[in-house]
Amino acid sequence: MFSHEFVRNAYLAGTLIALACGTVGWFVVMRAQVFAGDALSHVAFVGAIAAATLGIDERLGLFVLTIGLAVGMAALGRRGQADDVAIGIAFAWILGIGILLITILSTSPHGGNGVTAANTLFGSIYGLSAGASRLAAVIALGATLATLAISRPLLFATIDGELARLRGIRVGVLGAVFLGLLAVVTAEATQAVGALLLLGLLAAPAGAAQQLTARPYLGIALSGLIAVVAMWGGLALSYAIGSLPPSSAIIGLAAAAYALAALHARTRAGGRGPEGRRATGRES
């Protein structure tokens with residue numbers, strides 16, 4: 001399998017993208033910003049379509065529009081954390097523009113065959129060149145390290161924003177920076193798993209990790225690990241089963257990990273109740 005360059009490229013980019021999604025995703029779930037992640041994934045799609053319509057590099061459209069909207073949502077929300085109203089306004093506005101751009105693109109010489117839209121919606125990780133995969137890996141690694149660098153104050157601000165503000169932490173700026181990092185990861189990961197399925201790679205590993213442990217840093221590590229394993233397993237499955245899209249396999253494994261973690265957490269909680277204590281002979 002690894003004798004093929006496209007497979008090596010996919011694993012190089014996919015590993016670091018998954019790690020970034022797992023790391024950033026843990027805070028997305030912790031801060032209840034899953035809706036923001038969903039909105040930004042659709043913004044990334046529209047950004048790629050806009051770039052294709054203009055005949056420029058799709059990655060430029062992905063990053064510029066996604067980061068720009070993230071900053072806008074942070075500005076509209078309170079303390080740098082986009083609220084549902086701000087996200088909903090941005091979501092509806094950008095989707096309206098997207099429909100217009102798809103109409104224009106379908107009649108333009110740049111995208112009449114729909115390849116741009118399909119790749120952005122469903123991902124094209126096996127189509128990454130060596131240069132593109134290395135760039136994706138570098139960007140994803142940078143986003144991961146940046147998230148870890150602000151993890152302590154970000155966790156403090158997430159748990160108790162008012163106390164964090166009183167302690168001198170600029171909660172609004174920190175929230176805007178985090179949304180910017182989420183936008184970077186979203187734009188980069190869209191190339192791997194697509195805008196439609198990206199939310200699964202952001203939320204499922206993080207949700208699984210939070211079912212398994214309440215310890216923040218262990219949870220972040222578990223979230224990244226689960227995302228990477230889902231990426232590796234999904235790529236291997238899609239290679240073995242030619243009709244299985246890699247993005248579907250990746251998200252399917254991530255969702256399965258969440259389901260297993262939730263089942264484990266529920267079983268463990270049940271074992272601590274009166275019936276569980278009787279079963280283990282520990283009832284007083």
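1. Helices here (H or I, at least four residues) are DSSP runs, numbered from the N terminus. A261 sits in one of them, helix α12 (residues 246-271). The model is predicted: local features need pLDDT of at least 70, side-chain atom pairs count only at pLDDT 80 or more, and totals for chains, interfaces and linings use all residues. Residues are numbered from 1 along each chain as its sequence is written, and side-chain values use heavy atoms, with hydrogens and water left out.

2. A261 is buried, at 3% relative accessible area. Buried means under 20%, exposed over 50%, and partly exposed in between (1.4 Å probe, protein chains only). Contact means heavy atoms within 4.5 Å. Leaving aside neighbours within four places in sequence, A261 is in contact with A208, Q211 and L212. A209 is 52 residues from A261 in sequence, yet the C-alpha atoms are 7.5 Å apart.

3. The structure holds one salt bridge. The term covers a side-chain nitrogen of Lys or Arg within 4 Å of a carboxyl oxygen of Asp or Glu. Here the side chains of R165 and E162 meet, at 2.4 Å, N to O. Why can they reach each other? R165 and E162 are three residues apart in helix α8 (residues 161-166), about one helical turn. R165 is partly exposed, at 42% relative accessible area. E162 is also partly exposed, at 32%.

4. Which residues have the most contacts inside the largest nonpolar core? They are I17, C21 and L201, in a core of 72 residues. Such a core is a set of buried Ala, Val, Leu, Ile, Met, Phe, Trp, Tyr and Cys residues joined through side-chain atoms within 4.5 Å. Not counting residues up to four places away in sequence, I17 touches A136, A140, E188, A189 and A192.

5. Helix α7 (residues 151-159) has S151, L154, L155 and A157 as its buried residues. Seen down the axis, these fall within an arc of 165 degrees, so they line one face of the helix. The arc is taken from the directions from the helix axis to the C-beta atoms. On the other side of α7, R152 and I159 are exposed. Cover for the buried residues of α7 includes α1, α6 (130-149), α8, α9 (171-193) and α11 (216-240).

6. F2 lies in the segment before α1 (5-30). F2 is partly exposed, at 46% relative accessibility.

Notes: Helices (H or I, at least four residues) and strands (E, at least two) are DSSP runs, numbered from the N terminus.
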